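Work through the following exercises with the structure in view, and try each task before you read its solution.

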Amino acid sequence: MSQPGFMPPNYITMKIPKKLKIGGHVVKVKLLERLDGDGEFDTQSNVIFIDSRLSQSQKEETLIHEILGFQNPSLHSDNHGLLQAIAHSIYQVLSENRMLR
Ligand SMILES: [Zn+2]
């Protein structure tokens with residue numbers, strides 16, 4: 001494994017915004033330590049939480065996961081594995097085709 005903080009020259013990172021518009025809602029994105037999992041979403045208060053201890057790439061994939069969960073709460077609760085696989089696939093294509101900034 002590479003050293004913490006090392007990024008290969010072609011590494012492209014995603015902007016993790018403080019707010020996102022999702023389905024007509026303004027959703028705050030908060031980085032917090034010590035979540036139960038890597039991330040959480042709350043459709044009642046319109047917040048996505050991402051664990052601040054994750055690596056940059058894990059934060060980015062987790063953000064995609066939580067966005068998909070926010071958009072599809074029943075899929076997130078009924079078939080978490082499928083939602084996780086979709087998030088992973090989207091993140092892989094975006095990152096490996098340099099579609100992130
Ligand atoms: Zn989840």
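**Exercise 1.** Work out what span helix α3 should have, and compare it with the distance between its end C-alpha atoms.

*Solution.* Begin with the limits: α3 covers residues 80-96, which makes 17 residues, where a helix is a DSSP run of H or I with at least four residues, a strand is a run of E with at least two, and both are numbered from the N terminus. The expected span is 1.5 Å times one less than the number of residues, so α3 should span 24 Å, and because its end C-alpha atoms are 24 Å apart, the two values agree. After α3 comes Arg98, which has a positive phi near 55°.

The model is predicted, so local features need pLDDT of at least 70 and side-chain atom pairs count only at pLDDT 80 or more, while totals for chains, interfaces and linings use all residues. Residues are numbered from 1 along each chain as its sequence is written.

**Exercise 2.** Determine the order of the strands in the open sheet, and explain which strands stand at its edges.

*Solution.* Two strands pair if DSSP finds at least two bridges between them. Strands β2 (residues 25-32) and β4 (residues 47-51) run parallel and are joined by 5 bridges, with Val29 having Ile48 of β4 as its bridge partner. By contrast, β3 and β4 pair in the antiparallel sense over 4 bridges, and here Gly39 stands opposite Ile50 in β4. The 4 strands of the open sheet follow the order β1-β2-β4-β3, with mixed pairing. Because β1 (19-22) and β3 (39-42) each have a single partner strand, they stand at the edges, and one side of each is left without a neighbour in the sheet.

**Exercise 3.** Find which residues make up the largest nonpolar core, and which element supplies its largest share.

*Solution.* A nonpolar core joins buried Ala, Val, Leu, Ile, Met, Phe, Trp, Tyr and Cys residues through C-beta atoms within 7 Å, and buried means that 20 or more other C-beta atoms lie within 10 Å of the residue's own. The largest core has 10 residues in all: Val27, Phe41, Ile48, Phe49, Ile50, Leu63, Ile67, Leu68, Phe70 and Leu83. Both β4 and α1 (56-71) supply at least two residues each, and the largest share, 4 residues, comes from α1.

Terms used: Buried ≥ 20, exposed ≤ 12 C-beta atoms within 10 Å, placed from the backbone.
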